[in-house]
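Dear colleague,

Please find below the structure that I am handing over to you, together with its sequence. My findings follow it, and I would ask you to read them with the model open.

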Amino acid sequence: MITRRLYRALDSRLGTTSVGRTALAKVFPDHWTFMFGELALYCFIALVLTGTYLTLFFEPSTSEKIYDGAYGPLAGSEVSSAYASTVSLSFDVRAGLLIRQAHHWAALLFVGAIVLHLLRVFFTGAFRRPREINWVIGMTMLALALLNGFTGYSMPDDLLSGTGLRIIYSVVLSIPVVGSWIALLAFGGEFPTDATTPRLYISHVFIVPAIFAALISLHLAIIIRQKHSQFPGPGRNERTVVGSRLWPAYTVRSLSLATGVLAVVFALGGLVQINPVWIYGPFNPAQATSPAQPDWYVAWGDGALRLFPRIEFHVFGHLVPAPFLPAVGLGTVTFMLLYAWPWLERWRTPDRAEHQVLERPRERPWRVAIGAWALTFFAVLLVAAADDIIARLTAMPVTGILRTLQILVCTLPFVVAAVAFGVARALKAGTASSLAELTAEDVRAGLSGADGPGPADEAPDQSIQLWRNPDGTWRWRWSGGGEQLTSNEAYLSRDEAVAAARIAFAGVPIDRADPPEGVILPGPRQEPGWGTRLAAGVVWVALAVWGRRRSKTDDRTEV
Amino acid sequence: MTSPPAGPAGRPGRRLLAAAAGLGLLGMPVLAEPVPSSPTAVPSPVSSTGPTGPAVPASDPGARLYQQSCASCHGMTGEGSQRGPALSGVGPADVDFQLSTGRMPVQQERYSDVHRDAVFSPTEIDALVDYVALFPPGGGPQIPVVTAGDVRSGRELYLTYCSACHSAAGVGATLNNGRFAPSLLRATPTQIGEAIRVGPGLMPQFPANVLGDRDIDAIATYVDVLQDDRGNLDRGGWSLGRLGPFPEGAVAWVIGLAALLLLARRLGSRAR
Amino acid sequence: MSADPGPMGGERGAVRGIRIAFGVSVLGAAGFAVVYSVGGNTQLLGVGLGVAFAGLAVGLWLWGRHLLPSGGYVEERPPLSAPPQQRGLLAAAAAGPQSPVRRRGLVGMFGLAFGAIGVAMLFPLRSLLPLRRPDPVTELRRTAWRAGGVRLVTPEGVPVRADDVNSQTIQIVVPEGHPKDGDAPAFVVRLDPDRLTATPAGGLVAGGLVAYSLLCTHAGCPVALYEQTTGRMLCPCHQSAFDLLAGAKPIAGPAARPLPGLPIEVDADGYLRARGDFTAPPGAGFWSRP
């Protein structure tokens, strides 16, 4: 009652009804890989929530102060405020360590989710027209995520992060011509200076997150405007979106995913120690700790620094230092290629059409091969960043491991790419629906370059029916290929329903006969999957055990 | 291969665990290498004591153990051989360190950075230490007496002098040529003091004018904190071996993202 | 109904399962609050909050799976681009007779003015590096040792005497009065002059004392791992190795230049003093490095 009145007040002021109706009925495709972007979004929310709490305690300054908290070995030491407040957060602020660690774990998961999302978009061709803008925005967000991850890692002013900051400073210094100016302008002087930490802080908690929030809004606004892409299937064409509606199915699912992210973030934050800065000690330019690695998402750059041979050269009498090619060069080339990918692919293929229906990866063996190449390349670099840890765990000389990885980084990507190419060709040529079903004939057919049947054409038996609900509203339903799809909205008039159906399925005949009145359209139903059954079974057993116990104790009390 | 005559090694408690201290090895891989830790170690002139070693009764347990387990490589009078460095003048600290961390006697052909439980019992080690000390010219660093020190200055000294190799977390790190600075997580205070004074293996040696006795007390006290005996150091949870961001990244993928992918997979449908 | 769906089957079962999951969530939240009140053990707090959110996640998942319609809906997707007539109308509205875009000259001047302001706004960026400081290249080339006669002190501030430096370990030193300078850390070590295969850049004093910059010439990390028997310095960041016996030249890893030497002398009181700056700018390389 009250809700109804409140809503009426809102509607009379903002006119929310038609927007609201469309929004609630918005259809999302059901495939699970479409949730990676959402994962990243919820990691971002977890980061904002935990990060806001941390700002209440963190002091972004390198001015010296005496730490006098509960961590004994540091008590009485004069350290920077940034370091002291971070140790305080871990030892003296109740629940502070949980939030700090949860924040750091959320950051690691955040970039991971972005990368997964990127891979899904890449391998299914979701970046093609009309989605190039969102590809570029997404790339920018990936770059910003790396940047913000690194500034966050660097702010506590501990020995490990100070070392990392020094390496980045050296990398910036290595840029030809302008390197020393950029580095000293950005850091506020020669490393280390008191100017750096406040700059890292304002960038980490305000500038980059604000840009991020704007870009996320833009990313989502564009996807709402363009509507989701979808995998091929019955009824899925360039003029439809098939799946579940925002309300209620998708809302509940998405909330489940959001709470799932928070559950993982806080469980890791409480149970697995991350970045124990009190052990690393405060930064001091003359001290070092080993092993020294950055967080995983920038470790590929560190791996490249380790693997790249000792090459320094002079240009017109000026030095191009060793870190330039592996760090600045590789990073620039990587992001330029990523940004340019939609146009690179368009340049190499004649395909310029709009695509709302995705490709299965196998349909583009070359794209699969290139993606596999890049993934392997960066994976080897990631491993290379841990060469000293591997040397230690295997008791092998680190130089031998380096040499091996240098060979691997030049060869393995090609091997993996070739295999991926072959598999994609075989899948494309044959009828196997997954790797497990691949047969020798498929592989042979793939090698000989045969093309398989390709995606099935639209079923010939399509039809559209109109329905009139008891309340006088109208719906339409498409059937074909053994599947029935119901219109996402209820329409006020028959003409509206017909118009919508015409847009979605232009050539399909509409049953114009007046539909029987009062027939209630049943919603789609579905069978529970094995996971549901398994979970239900577990809960069932638990309930049975619990019930039995209770009856036993009841017996006992009665006796 | 020398086989220990004695039963289970065991000074009680930490001593047993001591093996780790690892600060390198008496340095000497079995094949001859320069002998850094004992600059004075020249094969001792076989003087009046004769070929059977210092003038002690053969029934002395130190002499007996030495002849059984050490003499084949280090020589009857500690003069050294192709297979092992000279022991004259190395000092009790070095001998005690090598024996109590299980580095000596070597159990495989090659001297390894991996440390083990001590082969000899504390009494036997004491006897061997006393016996080796009789080799002329004697001298060398004595076994330091390490007591509780100031943990704050211990932390600062540790980060200045030790963390570059042994890692700020005390878990050790990789050096060149397949060698590594061992973990300190099992080292006893005495062994830490010995290693600082002796400089076993590749480790530098820190004389009293660089690190005084009070400094050693402080460092040993801080290493005790790193060993987490008070249970407060890894308060964040599972420490992942304190190996830093690399295992953290692995956990983020293998546990965190894997769990979230499973959930997403349950929430969404699969490809048809 | 052909078969009994069991206690967790059917709609009633699903409702029960969801109720249990949300109940677990309440317990987790309560546990979190209790743990916080009695001291806040990080692990228990994490478990409490994790269970609370996991309960919600499971409950919502069951809800979506069993009680809500899933899939089977279709939404029409109208074409994004408008028909040509509509685009024509937009063009007419935007570029009509009085439209500002028709006054090319004015638009040009507007762009110029706007651009000029934009360029002017770039100037304050220069303030990111204080103007009283020397320009970056000079700053990178110089260190606090430059003054000459600066005493070598330990990071704790104790002046180092020549006699204090032994052959067993390196002594990390900083310029007296500049303990936190990022570019100044150096180390002194006593080497056996007979084992040297190259003359140290900074010279050899007091029968074998040499001093070098502590910073790796690759990416500037402190090269603080000293292998006493081999006379090598190792970098913990990217595994470069420098041979002190051969003039601190790089022998492994990505570093390409030797460690710059620090010229030192022994003063009348036996203390070590720098005769001047490093023989080359310390740390990572840069474009204008000589």
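Two residues are in contact if their C-beta atoms, placed from the backbone, lie within 7 Å. Please also bear in mind that this is a predicted model.

With that definition, the contact between chain A and chain C takes 94 residues from chain A and 77 residues from chain C. On the side of chain A that touches chain C, helix 10 (residues 246-271) of chain A gives the largest share, namely 15 residues. Sorted by class, this side of chain A has 49 nonpolar, 31 polar and 14 charged residues.

The two chains are also joined by strand pairing. Strand 4 (residues 240-245) of chain A pairs with strand 1 (residues 73-76) of chain C in the antiparallel sense, over four bridges. Within this pair, A:Thr240 has C:Glu76 as its bridge partner.

Chain C has a contact with chain B as well, to which chain C gives 25 residues and chain B gives 26 residues. On the chain C side, the elements that give two or more residues are helix 2 (42-66), strand 3, strand 6 (225-227) and strand 7 (232-234) of chain C. Helix 2 of chain C provides the largest share of that side, with five residues. By class, the side of chain C that touches chain B has 12 nonpolar, 10 polar and three charged residues.

Strand 3 (residues 171-175) of chain C runs antiparallel to strand 4 of chain C and is joined to it by three bridges; here C:Ile172 has C:Phe187 as its bridge partner. Strand 5 (residues 209-213) of chain C pairs with strand 4 of chain C over five bridges, again in the antiparallel sense, and C:Ala186 stands opposite C:Ser213 in strand 5.

Finally, some overall values for chain A. Its secondary structure comes to 19 helices and nine strands. Of the 559 residues in chain A, 47% are buried. The C-alpha atoms of chain A fill a box of roughly 85 × 75 × 65 Å along the principal axes.

Yours sincerely

Technical notes: Residues are numbered from 1 along each chain as its sequence is written. Chains are lettered from A and ligands numbered from 1 in the order in which they are written. This is a predicted model: local features need pLDDT of at least 70, side-chain atom pairs count only at pLDDT 80 or more; totals for chains, interfaces and linings use all residues. Two strands pair if DSSP finds at least two bridges between them. Ala, Val, Leu, Ile, Met, Phe, Trp, Tyr, Cys and Pro count as nonpolar, Asp, Glu, Lys and Arg as charged, and the others, Gly among them, as polar. A residue is buried if 20 or more other C-beta atoms lie within 10 Å of its own, exposed if 12 or fewer, and partly exposed in between; C-beta atoms are placed from the backbone.
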